[in-house]
Amino acid sequence: MSENLISAAPPVQVGGRPGMVLPGPVSFASDFGLTSFQPTPQRSVMTAMLTDKLRDSGGAAATGVLMTVVDIVASDPALVAAAPDWTATQDLSLYAADPITRGPIVADAKLIRAGKKVVVISVDVYDGNGATDLRALADAIDSGAHGLTRAGRALVVFARIPRTAAVDADLYSPAKTVGTIQERKPTPVDGTVYSRLAMRVIDPDAGVLELDLSPFVVNQIGTILGGAQAVLAESAACAMRPGMVACDMQIHYLSQVRVGPARASGVVVRDAGDHSVVDVQLVDAGTGDTVLALTTVTLRREVTA
């Protein structure tokens, strides 16, 4: 489900459902150093710092990190298009081309379709190779004369939901920030993007891992952030195939985490010499294994960056 980038929990719950877990003052993505620029209401360009904490075992940007950045940058044009409604991520697919090793991560999100029930956003992902000026990056991408390395393409489908489903939704309105640079000062977070989630490994061979529902990973509609669920799925697939790193991922979000923990389990559907494909299912273990998401993860042999 999409994250709206309000980092602090409101003192009074506005919207949402009674008793829902509220976002805390620090989230698992607080140290991504996200900066965004919306050239138009239909487009948002974002950069994220690439620190060692956000790399996979091969030294490249972790796929779960890329999924998180894609989900966040795509939410800006989606929320503008869906207004006055709110949005929740329904499907998120990332098809990688090259690993991001230098950084920053650059994501360019554009509105494809705004319908009565869904909003569709495409996102091009790049290795910034040291470039950080967002206005210049947007212009360079448009002209095709840029020094960026194409790293992949993503597609995000958002479901339109009532604005009242989100806590304190009116504090975040991307329509009011078009044409401006929005910098989110990073807050230090202990541990790598994997260890900070405190996932419990139950059965690595079967990809059984658990992630608790907590203020650290919850979004404004009270479920575990889509990016955190992506990291859980990535970790489950990598546990099943040691020595490999995730490169592509497709997630279909089916339900919200109501109680938790979110539990992953996997099935290998393809093993080849240079890659594997693993289907990972996420369920809410606290509600009789309600299916939360169906995920397909493609992994490649680890090559140290």
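Trainee: How many residues does helix H3 have, and what should they span at 1.5 Å a residue?

Mentor: Helices here are DSSP runs of H or I with at least four residues, strands are runs of E with at least two, and both are numbered from the N terminus. The expected span of a helix is 1.5 Å times one less than its number of residues. Helix H3, residues 226-240, has 15 residues and should therefore span 21 Å, which agrees with the 21 Å between its end C-alpha atoms. This is a predicted model, in which local features need pLDDT of at least 70 and side-chain atom pairs count only at pLDDT 80 or more, while totals for chains, interfaces and linings use all residues. Residues are numbered from 1 along each chain as its sequence is written, and side-chain values use heavy atoms, with hydrogens and water left out.

Trainee: How many of the residues of H3 are buried?

Mentor: Buried means under 20% relative accessible area, exposed means over 50%, and partly exposed lies in between, with a 1.4 Å probe and protein chains only. In H3, 13 of the 15 residues are buried, so this helix is largely enclosed by the rest of the structure.

Trainee: Which residues have the most contacts inside the largest nonpolar core?

Mentor: In soluble globular proteins, nonpolar side chains tend to be buried together. A nonpolar core is a set of buried Ala, Val, Leu, Ile, Met, Phe, Trp, Tyr and Cys residues joined through side-chain atoms within 4.5 Å. The largest one has 67 residues, and those with the most contacts inside it are Phe 28, Phe 32, Val 69, Ile 105, Val 123, Val 125 and Val 280. Helix H1, residues 63-82, gives the most to this core, with 10 residues. A second, separate core of 9 residues includes Phe 37, Val 45, Ala 138 and Ile 141.

Trainee: How is the aromatic pair of Phe 28 and Phe 32 arranged, and what are its values?

Mentor: Rings of Phe, Tyr and Trp (its six-membered ring) pair if their centres lie within 6.5 Å, and planes under 30 degrees apart count as stacked, over 60 as edge-to-face and the rest as tilted. By this rule the count comes to 1 aromatic pair. Phe 28 and Phe 32 form it edge-to-face, at 6.0 Å centre to centre with 75° between the planes. Phe 28 counts as buried at 0% relative accessibility, and Phe 32 counts as buried at 0% as well.

Trainee: Which residues does a cis peptide bond join?

Mentor: Most residues other than glycine have a negative phi, and most peptide bonds are trans. Here a cis peptide bond joins Ala 83 and Pro 84, with omega about 10°, and another joins Gly 103 and Pro 104, with omega about 0°. Pro 84 lies in the loop between H1 and strand E3, whereas Pro 104 is found in the loop between E3 and strand E4.

Trainee: Is Asn 129 buried or partly exposed?

Mentor: Asn 129 is partly exposed, with a relative accessible area of 23%, and has a positive phi of about 50° although it is not a glycine.
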